[in-house]
Amino acid sequence: VAMWERCGLGLPSIVTCLADNQRPGIEKVAEEGGIVFIGDSYQTTPKSVCEVARTVSRLPHLLSCMRTYGMGLIDGRGCERVVRQLLPVTRSIRIARDEDCEDVYRWRNAEETRRFSSDNAPINYASHRRWYQNVLVDPNRIILIGEVSNNAVGVLRYDRNGTRATVSVYLVPGNQGKGYGAMLISQGTVWLKQNWPDVEIVDAEIRTENGASLASFSSAGYEPTYCSYTLATKD
């Protein structure tokens with residue numbers, strides 16, 4: 001429990017195992033880079049812990065990754081999610097229509113959406129309108145809008161290439177941290193199976209600092225396959 005609390009607070013952790021029932025959770029989080037696991041508590045000494053702490057403290061990138069992973073995994077809003085499951089709300093997903101153009105533009109152009117986009121520059125409406133019209137008539141591209149109790153909460157887009165598709169997702173501003181990301185992705189998977197049954201693999205490209213999106217795709221059953229590294233050679 002203490003490990004999950006530290007994840008929620010974004011505190012990088014060096015963890016030991018006190019009991020066998022703790023081991024599966026600890027090892028899973030350690031494998032994903034969320035903590036540094038140094039083995040059973042009876043095998044550790046104050047000296048060994050200090051040596052690991054000194055080493056880890058010299059690796060700011062590792063500390064940052066653990067912080068991002070933890071806060072993406074545990075956001076402290078589990079109670080809200082339980083309430084949403086208990087309350088009688090309707091969840092649905094639909095194909096975007098022409099009249100959604102301005103709303104999609106506003107949601108996509110919001111600062112909190114652009115922050116984690118591959119291209120985070122503000123979007124010109126005229127360019128967006130042309131792009132949107134092209135997507136609506138492209139048989140290999142689809143925009144889906146997720147709704148909760150008839151209120152839009154997020155947008156999914158799929159780009160199909162043969163038996164493979166690429167998915168992107170963002171939430172309507174104000175809906176972050178409510179668990180809607182994983183819900184949208186899961187509903188999108190159902191839509192794909194029903195409407196594009198020839199698609200066998202779905203890819204998602206996510207920026208490493210976007211912990212919430214990483215957690216959403218993981219919750220929806222996606223698995224990491226490789227890491228992409230980028231080097232900026234000019235300031």
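1. A first point on charge: in this chain the mean positions of the 27 positive and 27 negative charges lie 3 Å apart. The structure is a predicted model, and every value in this note should be read with that in mind.

2. On the overall build, the chain has 10 helices and 7 strands, and its C-alpha atoms fill a box of roughly 65 × 50 × 35 Å when taken along the principal axes. Of its 235 residues, 31% count as buried. The accessible surface comes to about 14,800 Å², and 54% of that surface belongs to carbon and sulfur atoms. Among contacts between residues at least 6 apart in sequence, 59% join residues that are at least 24 apart.

3. The nonpolar interior deserves a careful look. In soluble globular proteins, nonpolar side chains tend to be buried together. In the present chain the largest nonpolar core has 19 residues, and Tyr158 and Trp196 are the ones that touch the most other members. The elements β4 (141–148), β5 (151–161), β6 (164–171) and α9 (180–195) each supply at least two residues of this core, and α9 gives the most to it, with 6 residues.

4. Tyr158 itself illustrates how parts of the sequence come together. Leaving aside its neighbours within four places in sequence, Tyr158 is in contact with Asn140, Arg141, Ile142 and Leu144, with Thr166 and Val167, with Ile185, Gly188, Thr189 and Leu192, and with Trp196 and Val202.

5. Is His128 buried or exposed? With a relative accessible area of 4%, His128 is buried, because buried means under 20%. The side chain of His128 reaches the backbone nitrogen of Tyr105 at 3.5 Å. When neighbours within four places in sequence are left aside, His128 is in contact with Cys101, Val104, Tyr105 and Ile123.

6. Ser117 is buried, with a relative accessible area of 11%, while Arg115 counts as partly exposed at 41% relative accessibility. Not counting residues up to four places away in sequence, Ser117 touches Arg108 and Arg207. The side chain of Arg115, for its part, is joined to that of Glu111 by a polar contact of 2.8 Å.

7. The C-alpha atoms of Ser117 and Tyr170 are separated by 9.1 Å, although the two residues are 53 residues apart along the chain. For Arg115 and Asn210, which are 95 residues apart along the chain, the C-alpha atoms are separated by 9.1 Å.

8. As for cover, Ser149 counts as partly exposed at 32% relative accessibility, whereas Asn150 counts as exposed at 65%.

9. A last point concerns Ser219, which lies in helix α10, a helix covering residues 211–219. Ser219 is exposed, with a relative accessible area of 59%. How far is the C-alpha atom of Ser219 from that of Glu111, 108 residues apart along the chain, and what is the separation? The C-alpha atoms of Ser219 and Glu111 are separated by 25 Å. Glu111 is the residue whose side chain meets that of Arg115 in the polar contact of 2.8 Å.

Notes:
Residues numbered from 1 in each chain as written. Predicted model: local features only at pLDDT ≥ 70, side-chain atom pairs only at ≥ 80, totals over all residues. Heavy atoms only, no water. Buried < 20%, exposed > 50% of the residue type's maximum accessible area, 1.4 Å probe, protein only. Polar contact = N/O pair within 3.5 Å; in protein donor to acceptor, adjacent residues only side chain to side chain. Contact = heavy atoms within 4.5 Å. Helix = DSSP H or I, 4+ residues; strand = E, 2+ residues; numbered from the N terminus. Areas by Shrake-Rupley, 256 points an atom, 1.4 Å probe, with all protein chains shown as cover. Lys, Arg positive; Asp, Glu negative; His and termini not counted. Charge placed at Lys NZ, Arg CZ, Asp CG, Glu CD. Core = buried A, V, L, I, M, F, W, Y, C linked by side-chain atoms within 4.5 Å.
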